[in-house]
Every structure is written in structure tokens, then in C-alpha cells.
Amino acid sequence: MEGEGGVGFIGGGKMAFGIAVGILESGNVKPEKIMASAPSNNNVYKFKEAGMKTTHCNSSVLENCKVVFLSVKPHILTQVLSDISPFVTPAHLIVSVAAGVTVETLEKFLPAGTKVLRMMPNLPCTVQQGSMVFCRGSNAGTQEAAFLKSLLAACGLCEETPESYIDIHTGISGSGVAYGAAKMILETGEHPGKLKNDVCTPGGTTIHGLYELEKGNLRCTVMNAVEAATKRARELGKD
């Protein structure tokens, strides 16, 4: 499968931008061959600043791009699928990064025969240290799988798995970034609390995981563990 026709993103959030930057890092796709759509300029201005094309029209992405990443929030994805369905052709490869939305649902709302991949990336894609897994829909073959891995090679590790593993990956690697990602903190210079907020979508998987960590007093437990280890180190130094 070739990448001619461009790479598109429907939804221009942090994850979409991180993947786009990784694709640019690979050197296989030029900025002007990448297009992102979103309802407002709140997010897509970053794409424009990086030399990529932007639009407020989802159908424009389908018309200009053969590989299209669906990077909208899960609760609006089915509506987006219904809206873009008339513009999807057998030449398109549709890649969903929406948490929890199954291949069955994707194929239900798209034309019969559409090549679909379901993927779960994580935010370290933005510093080319991502961990991504994907699975194929019923019409996507080894060629499409190999193409996706090649396209995302610069974003980090990208492996094909059974679909049943993807939700597990979401909980561990997708949400787990909020629990500590040193490279991102070092490279961005931002406070760890901001990273936590960046990863958390309101009502999403990560915020639910963090709620359980806070409920279990993890922060206090970690602080106590560090204090105990420090105290013991001092004691050992006196022996």
C-alpha cells in the first residue's frame, strides 16, 4: 500500500498531533501531505504552524488523504463515522485511535469492504517514545498492517495484537503515562502535574484510573516509602 494522497486526521488533539509529528520525523511524508480537521482552530493551529494543512471540513480530509486517522473522542465517533461514510472509498485506510470503540462498530458505520485498523497509541508518541498496538478489521490485510507499522516507525514501538489486548493496553500504556513518564517531562520541561492533566480526557479511562490511585492514597504511600527508605539509608550510614 502506498501513502500517496496524503495522511489525514479527523480530530486535532494532542494524540493526533503527536502521531503527525512522529510521521514527519520518519521522513516518509512531507508536511504538506498531512491534513487535520477540527471544528475550531483551538488545536489545529499547531498543525498549521508545523507546515501541515488544516480544515474544518471532515470530508475534505477524505477527499485529500488515503490514510485517515480517526482521533475524536469515543462518544462522538459514531456520529463522525456516519458523517464521513459517504466519502469513504475502497482506496481508503481508516485507522481509529478512539478508546473502547471496537472494529465491529467501526465497520458497522462504514461502507462494506472498508479497510479498518483499530489502534491504541499513547502520549509519548510526541517524543517518539510511544507504545502502540493495533488490530485489523475483516478487510485489512498484511499489507495494511505493514504499512501502518512503517508509517509509525518513528513514533515508537508499534505491534499488532488480538483486539482483546487493546483495552488492556489502554489501561496500562495509554493511561499509565499519567502515572510517570520521565522522558516527556525532561524534554518538555513541564511540571508532572501538567502531563497528568494532558493525558486525562474528562470521563475517559485515565481519569478513572487516577481516581482509584488517589482513593487508595498512592501519593501518600509513595511519599512514606521514600521517607522510610531515606531514613533507613541514614541509619545504615551510622552503622
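Guide: Before we start: buried means under 20% relative accessible area, exposed over 50%, and partly exposed in between (1.4 Å probe, protein chains only). This is a predicted model, so local features need pLDDT of at least 70 and side-chain atom pairs count only at pLDDT 80 or more, while totals for chains, interfaces and linings use all residues. Residues are numbered from 1 along each chain as its sequence is written, and side-chain values use heavy atoms, leaving out hydrogens and water.

Visitor: Is Cys57 buried, partly exposed or exposed?
Guide: Its relative accessibility is 34%. That value sits between the 20% and 50% cut-offs, so Cys57 counts as partly exposed.

Visitor: And how many disulfides does the structure hold?
Guide: A disulfide here is a pair of cysteine sulfur atoms within 2.5 Å. Take Cys158, buried at 6% relative accessibility: its closest cysteine sulfur, in Cys155, is 8.3 Å away, too far for a bond. For the whole structure, the count of disulfides is 0.

Visitor: Which residues does Ser60 touch, beyond four places in sequence?
Guide: Ser60 is in helix α3, residues 58-64 (helices, H or I, have at least four residues and strands, E, at least two; both are DSSP runs numbered from the N terminus). Ser60 counts as buried because its relative accessibility is 18%. With contact meaning heavy atoms within 4.5 Å, Ser60 touches Met35 and Thr55.

Visitor: Which strands are the edges of the sheet?
Guide: The sheet is open, has mixed pairing and runs β3-β2-β1-β4-β5-β6-β7-β8. Two strands pair if DSSP finds at least two bridges between them, and each edge strand pairs on one side only: β3 (53-55) and β8 (156-160).

Visitor: What is the bridge partner of Phe69 in β5?
Guide: Strands β4 (residues 67-70) and β5 (residues 93-96) run parallel and are joined by 4 bridges. In β5, Phe69 has as its partner Val95.

Visitor: What angle does helix α6 make with β7?
Guide: Helix α6 (residues 142-151) packs on the sheet, touching strands including β1, β4 and β7. Angles run from 0 to 180 degrees between N-to-C directions, using lines fitted to C-alpha atoms, for helices over the stretch in contact. Between α6 and β7 the angle is about 165°.

Visitor: Where does pLDDT stay under 50?
Guide: pLDDT is the predictor's confidence in each residue, from 0 to 100. The chain averages 81, and 71% of the residues score at least 70. The stretch that stays under 50 is residues 174-179.
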